[in-house]
Amino acid sequence: MTISRRDLLKGTALAAGGTFVSALGFDLQPAYAQSRELKISGAREYKTVCPYCAVGCGTIAYVHGSGGLNTTRSVIHVEGDPDSPINGGTLCPKGAAQMQLAMSPRLEHSPKYRAPGSSEWEDVDWEWAMSWFARKYKDARDATFVERDAQGRTVNRCEGIGWVGSATVTNEDAYLITKTQRAMGIVYMDHQARI
Amino acid sequence: MAQLPASGLAIRRMSASSTPAPGIRSEGPEYAKLVDISRCIGCKGCEIACKEWNELGIEPTENFGSFQSHRDLSADTWLLMRFTEVEVGGDVAWFIKKDACLHCAEPGCLFACPAPGAIVQYENGIVDFNQANCIGCQLCVSGCPFDIPRFNPATRKVYKCNMCIDRVEAGLEPACAKTCPTNAISWGTKEDMVALGERKVEGLRARGLANAVLYDPPGVGGTHMMYVVPHGDQLDQYDLPADPTAGAGALAMLGTVRKLGASALGLGLLAAGLHYLGFGPQVPEEDAK
Amino acid sequence: MASLAASFGRGAMTNHWKDIKNADVVLVMGANPAENHPCGFKWALEARDNRGAQIVTVDPRYTRTSAVADRHLQIRPGSDIAVLGGWIRKILEERLYHEDYVRLHTNASFIVADDFSFEDGLFAGFDEATSTYDRSQWRYEMGGDGFVRRDPTMENPRCVLQLLRMHYSRYTPDVVASIAGCSAADFERMSEIVCSTGTAERVGTIMYAVGWTMHTVGTQIIRAAAIMQLLLGNIGRPGGGINALRGHANVQGATDHAIVAGSLPGYLTMPTPAQASFAAHVAAYTPRPLVERTVNYWTNYSRFMVSLMKSWFGESATPANDYAYHYIGKPGGDATWLSMWDEAHQGRMRGFVALGFNTLLAGPDVKRLVTAMSNLEWKVVIDPFLHEAAEFWNAPGVDASQVQTEVLYLPAAHWIERGGSFTNSGRWAQWKEAAIDVPKDVRSDTWILSELFWRVKELYAEEGGAWHEPINNLRWDYANPREPTLEELAREINGYDLTTGRLLNSFAELRDDGTTSSGNWIYTGSWTEQGNMMARRGTEDPSGLGFHHGWAFAWPLNRRVLYNRASADADGEPWDQTRAGIRWTGSRWTGDVPDFGATTPPDGAGAFIMTEEGVARLFTTGLVDGPFAEHYEPAESPTVNILHERVSVNPTVRWYDGVRESLAQNTEDYPYAATVYRVVEREHFVTSHVPLLVEAMPDFFLEIPEGLAIEKGVPNGSRVRVWSPRGEVEGVAIVTKRIRPLTVNGRTLWTIGIPVHWGFKGITTGSMANSLTPFIGDANTRCPEFKAFLVNMEPV
C-alpha cells in the first residue's frame with residue numbers, strides 16, 4: 001500500500017470527529033492538524049519592492065481577497081521575487097518579515113493633535129487637520145518670507161519653515177515634495193541622505 | 001543534474017508502526033538542504049522566514065550578551081542562529097551556525113517514538129512531526145542525537161522543523177532556503193546537494209581552509225540538512241557531534257516507558273504505550289538486519 | 001556623494017549590485033553590507049566563490065561581514081583617510097598603479113600652478129578669519145592655447161601625479177599604524193590585497209556606506225577612495241567602482257529628486273542670492289572646457305534647468321520672466337539638517353514638517369534636538385507609525401507641560417498600499433505595484449502634499465499675504481487636481497515635447513527654448529511613448545556580466561555602469577576582454593549603454609563626459625577642504641593629529657553655537673572611542689514595530705571589548721552605562737573578542753560599539769544612541785559625525 005500525504009489528508013477529512021489511535025498504528029486524523037494546504041495557493045500576487053534598504057529587492061506580496069467591492073484585502077505573506085536580477089527571490093530578515101510591517105496593528109488610523117503643554121494626543125478629523133496645517137503653514141510663511149535680503153538682492157525665500165523627508169517615499173512623491181515646497185519658497189529642506 | 005519531479009510524499013517510515021513495504025522506497029527524489037557555513041552571515045533571514053511561514057509564536061526574548069536571539073530552540077523557534085566567537089590561528093573568527101532539524105535518514109526521534117504516526121518520514125527525506133498523534137512523552141527528544149525537538153508544556157506536544165513540507169509538497173523550496181540572502185542555503189536533490197557540497201569543500205580547501213568538510217554523518221544514515229564546515233577540525237565549536245548515531249538513545253528509553261506504565265500518563269499515552277510495547281521501537285535498518 | 005561628483009562628475013554609486021560579482025577584490029570599508037545590505041552582499045560572495053575574489057573588511061569592529069571575509073583589519077573610528085592614504089602611498093611608491101589608465105583617463109598629467117601648496121596641515125589659500133579656503137589657489141597651469149598644460153610623461157614635479165606622490169609620502173605604514181591603532185604589519189598584509197588590482201587583468205571594487213560619510217572629513221574619505229580607485233584603474237569597469245550603499249529604499253531617488261538643501265532635481269543647483277539672473281545662474285554651472293576634446297556635458301545645464309522650470313511653472317515660465325527663475329527661493333547660507341536644527345535651537349524656525357522621517361532618533365545630540373523642537377511653534381509629522389519625533393514632548397526627562405509646541409500627526413499610507421518607483425543604490429528605478437488599498441482614514445503622501453498645496457493656495461486667494469506668484473502659477477494639470485496619480489507624476493518627471501505633447505526618450509532631446517519640459521532630466525527615458533520603462537521585467541543578460549538592460553530603468557539612459565568609456569583603452573578595446581564594459585567596433589560602441597557618444601570615436605573626447613577636464617580628477621577644486629584628502633582627527637578625538645598637531649581637526653568645519661563646549665575636553669574623563677551602527681535585524685527605527693524583528697534582536701546593547709570588560713569588571717550580559725558630555729545610555733553588555741585594543745599614538749585605546757535602533761515608542765524600548773553623538777558635521781556636506789566620538793563606561 002502506498003500512502004501519500006494527500007491520502008492522509010483525505011482520510012483525515014473523512015475521520016473528522018475523531019477516532020482514537022487505531023490499532024494498526026495508522027492514525028489518519030493527525031495529519032489534518034499538522035499539514036495544511038499551501039497557504040498562498042490562490043492568493044493574488046503583486047510585484048512590489050522591499051521598503052527597507054536600497055538594494056531594491058523585488059518582492060511578491062500574496063494578498064487575500066479579490067479586491068471586489070465587499071472585500072478589504074490583506075497581505076498574508078511576502079517573499080522574494082525570483083525573477084529579480086538583484087535578489088533572485090532572496091530576502092534578509094527584515095524583508096522576510098514584511099508581512100508584519102504591512103499588516104501591523106500598530107499602524108495609526110487617525111490624525112492626532114497635541115496642544116501646547118499637553119501630555120496627550122487628541123484624535124482629530126482630516127478636515128480639521130489639513131485646515132490647521134494650511135493655516136499654520138501660511139502664517140509661518142507670511143511671517144518669515146523674505147523677498148529681498150539685506151543687500152537688496154531678490155531671494156524670495158521662506159526662512160521659518162523646515163522640511164525633512166523622505167527617503168522612504170516613491171520618486172513620484174519625492175518629486176511632488178520638491179515641486180510644491182520649492183514653489184512655496186522653502187529653502188530648509190533635507191532628507192535621510194544627510195543623516 | 002537529477003530530475004526534480006513533484007514529490008508524492010510517499011511514506012518511508014512511521015513511528016511505532018510497521019515499516020511500509022520496501023516497494024515504495026524508490027518513489028520520488030530525496031531532497032536536501034545544504035548549509036554553506038562559509039557563506040553564512042548570521043543575518044537570521046532563515047530564522048525569520050521560518051517563523052513567518054510556519055506562523056510560529058513570537059516569544060519574549062531578551063539580550064543575554066549575544067547576537068543570538070533566543071537562548072535555545074523551542075516549540076515556537078524551530079531554527080536558531082547560534083553565534084560563537086573563537087580564535088583561529090591568533091585571529092578572531094565568528095562561527096555562525098543555523099541550528100535546526102537535520103532530517104536524518106535514520107531518524108533517532110522516529111525510532112524512539114512510541115506514538116503511532118506521530119513521527120513520519122517521507123520518501124523525500126523529510127522527517128515530520130504529527131502533533132495530533134503526539135502523546136507528549138518526549139522520547140523523541142532523547143532519541144535525537146542533535147538535541148533538536150522541543151516540548152511545549154502548554155500543548156503537551158513536541159515540535160521541530162518540518163522542512164516546510166507544505167511548500168515542498170507544492171513544489172517549492174523551504175522558506176529558509178528561499179530567503180537566504182547569501183545563498184548559504186541551497187536546496188535540491190540529495191544527490192545534487194552532496195555533489196555541490198563536495199565542490200564547495202574543494203573550493204574552500206583551495207582557498208587555504210584545509211580542514212573544510214561536508215557534514216553528512218553516516219551514523220544517522222546521512223542527513224537532509226548537510227553543512228559545509230570551513231573548520232572541520234573544530235566541529236565541537238559548531239556544536240556538531242563528530243559521530244552521531246541513531247538508535248542507541250531510543251533503545252535506552254525503552255525501559256523508561258515500561259516503568260512509566262499507565263499511572264501518570266493519559267489514556268492516549270496508555271494506548272500508545274501499549275501499542276509501542278506490542279510493536280517495540282523502530283530500529284535503524286542496519287540493526288534490524 | 002559630493003566627493004564622487006568632484007572626482008568623476010556624478011554623485012552616485014558608479015556600478016550596481018549585481019556587478020559586484022565581477023570583482024577580484026572587494027574592499028568593504030565604512031560599510032557592513034552583510035548586515036545592512038544582505039541581499040546585495042551576495043554578489044560579493046558570488047565573486048569570491050566563482051572568481052576566487054578576496055573580500056576584505058576594514059572597520060572598528062569585526063562585523064558579520066568580517067565573518068565571511070578573507071581578512072579583517074581593525075582600525076580606530078575616524079582614521080580611514082590615514083589608511084587609504086597609506087595605500088595611495090604604496091601604490092605610487094611601488095608603481096602598482098595602472099599606468100596606461102592613469103595617463104589616459106585621469107588628470108595625473110595635468111600641471112598645477114605654483115600657488116598650490118600644502119604645509120603643516122593647511123592647503124594654500126586658507127583664511128583664518130572665515131575658516132575657508134580661497135580655492136582659486138588650487139588651479140591648473142594654463143597654456144597659451146587656453147587649455148591646461150599637461151605632461152604625458154607624468155614626470156613634471158608640478159603635475160598632479162607627482163604632487164600626489166609628495167602629498168601621500170608622509171603616510172608610511174608606521175604613521176598609518178600610529179593613527180589607526182593597528183599594527184604596521186597587519187596594515188601591510190591588508191595592503192597586499194587592496195593594492196593588487198592596478199592591472200588590466202584585475203579589477204577591485206569598494207563597498208562603502210555611512211561609515212564613511214558620517215565624519216567631519218567624510219567627503220574626503222571618499223575622495224581618498226576615489227583617488228585610490230583611479231590609480232588602480234578601477235573606475236568605469238565592470239567589477240570596479242566605488243559603490244555607495246544607500247540605507248533607505250529611496251535615498252537615491254529622494255536625492256535625485258532633490259529633497260536636498262542646495263539642489264534641484266537632477267543635480268541642478270539651487271540659485272544663490274548672488275546669481276541675480278537666470279543667465280548668471282546658468283553661467284555659474286556651465287563649465288568652460290579645460291582640454292581640447294571634451295564632451296563637458298554640463299554645458300547643457302540651461303536645457304535641463306529651463307525644462308525643469310517648464311515642468312513646474314508651464315506657461316508661466318517664459319523668456320520674459322527668466323523662465324520663472326525668481327520663483328525659486330535663494331538660500332542665505334547652508335540649509336542642511338544641522339543648520340536647520342541650529343535655526344530652531346536659536347528660536348528662528350517657526351514650523352517644521354517631517355514626512356517619513358523620525359527626526360528625534362535620527363539626528364545627533366538628542367537633548368539639543370529636543371530643545372530645538374521645543375522652540376518651534378508647531379511641528380507636523382506625517383508617517384504610517386506614531387514615532388518618537390511626533391512625541392518628543394513625551395521623551396524621557398522632558399516635562400510635557402513645559403513644551404509649548406503644537407504638534408499634528410497625520411497617518412500616511414504605507415509603501416505596500418501604493419504604486420510608484422523606488423531607485424536603488426545602483427540607480428535602478430523599479431516600479432512597484434500597490435498590493436492592497438490605502439485604509440479608510442489614512443491618506444497617501446500624494447494627497448497630503450496636494451491638499452496642503454491647495455489649501456495654502458486657497459488661503460492666499462482669500463486673504464492675500466506674502467508674495468505668492470509661484471504658488472498661483474505652479475503647473476497643476478492633473479486629472480484629479482486634489483490627488484495626482486503616481487503615473488501622471490512619473491510622466492511629468494520624464495518630460496514632454498511641449499509642441500507635440502509626446503513623451504521624450506532622452507535628455508538629448510531637451511531644449512532651452514521652452515519647447516520641452518522635464519521634471520528631472522536624468523530620468524528622461526524612464527517613461528516614454530513605449531510605456532513605463534521602470535516597470536520592465538526582462539531577465540535576459542546576454543553578456544553574463546549582469547547588466548540586465550531589460551529590467552527596470554537605470555539613470556542615466558539605462559546605463560548600468562557609469563563612466564564605462566574608461567573600461568576600454570585608447571583604441572576602445574576593453575582592458576579585460578572577459579569583462580568588457582563597452583567596446584569600439586570601428587563605427588560605434590557596443591555592450592553597456594555607452595557613457596559616451598554612441599558613435600564618437602575613442603579619441604573623440606575624454607572618457608569622463610561630466611567633467612570639464614574630460615578625465616577623472618585625482619586633483620580637484622570641487623571640495624571646500626582640499627584638492628587631496630588629508631587626515632584630520634574627529635572633532636572629538638583620543639589623540640592629537642600626529643601629522644600636524646596645530647591643525648588637528650578639519651579646519652573648515654562649521655562650529656555651531658555651543659558645540660565646542662559640548663565636546664569632551666580630555667581623554668581622562670572620556671577615554672574610549674565609540675561608534676554607532678545598525679544591525680541586520682533592524683532598520684533604523686520603523687522595525688521596532690515589527691514583532692518578529694524585535695524578537696530577533698530585542699534589546700539595546702553595547703559591544704564591549706573583552707579586555708576592557710575584564711579591566712572594568714563587566715560580565716557578559718550584565719548592564720553597563722555609557723556616557724558622553726551630551727548624554728548617556730544604558731544597556732546589556734555584549735562582551736566580545738571581536739573588538740581588540742588598539743595602540744593609537746603610543747597609547748592603548750578601546751572602542752565601544754553602540755547600535756542606533758532603540759527609542760521610547762517601540763514594542764521594546766531602549767536608550768537612544770544619538771543622545772551621545774556630537775552636533776557637528778562634514779565640511780562639505782554637513783553630514784553629522786556620528787561615527788567617531790568619545791565616551792566613558794562603567795558597570796551598572
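The model is predicted: local features need pLDDT of at least 70, side-chain atom pairs count only at pLDDT 80 or more, and totals for chains, interfaces and linings use all residues. Residues are numbered from 1 along each chain as its sequence is written, while chains are lettered from A and ligands numbered from 1 in the order in which they are written.

**Confidence in chain A**

- The average pLDDT of chain A is 86, and 82% of its residues score at least 70; pLDDT is the predictor's confidence in each residue, from 0 to 100.
- In residues 1-34 of chain A the pLDDT is below 50, and this stretch has 59 contacts in the model beyond near neighbours in sequence. Two residues are in contact if their C-beta atoms, placed from the backbone, lie within 7 Å.

**Architecture of chain A**

- Six helices and eight strands are found in chain A; helices (H or I, at least four residues) and strands (E, at least two) are DSSP runs, numbered from the N terminus.
- Along the sequence, the pattern of chain A is α-α-β-β-β-α-α-β-β-α-β-β-α-β.
- Of the 195 residues in chain A, 56% are buried, that is, 20 or more other C-beta atoms lie within 10 Å of the residue's own, with C-beta atoms placed from the backbone.
- Among contacts in chain A with a separation of 6 or more, 35% join residues 24 or more positions apart.

**Chain A against chain C**

- The contact between the two chains involves 104 residues of chain A and 133 residues of chain C.
- Helix H5 (residues 126-144) of chain A supplies the largest share of the chain A side, 15 residues.
- That side of chain A has 54 nonpolar, 28 polar and 22 charged residues. Ala, Val, Leu, Ile, Met, Phe, Trp, Tyr, Cys and Pro count as nonpolar, Asp, Glu, Lys and Arg as charged, and the others, Gly among them, as polar.
- Strand S7 (residues 154-164) of chain A and strand S12 (residues 351-355) of chain C run parallel and are joined by four bridges; two strands pair if DSSP finds at least two bridges between them.
- A:Gly162 stands opposite C:Phe352 in S12(C).

**A sheet in chain B**

- Three strands of chain B form an open sheet in the order S1-S5-S6, with antiparallel pairing.
- Its edge strands, S1 (11-14) and S6 (127-129) of chain B, each pair on one side only.
- Strand S5 (residues 119-122) of chain B pairs with S6(B) over three bridges in the antiparallel sense, and B:Gln121 has B:Val127 in S6(B) as its bridge partner.

Terms used: Buried ≥ 20, exposed ≤ 12 C-beta atoms within 10 Å, placed from the backbone.
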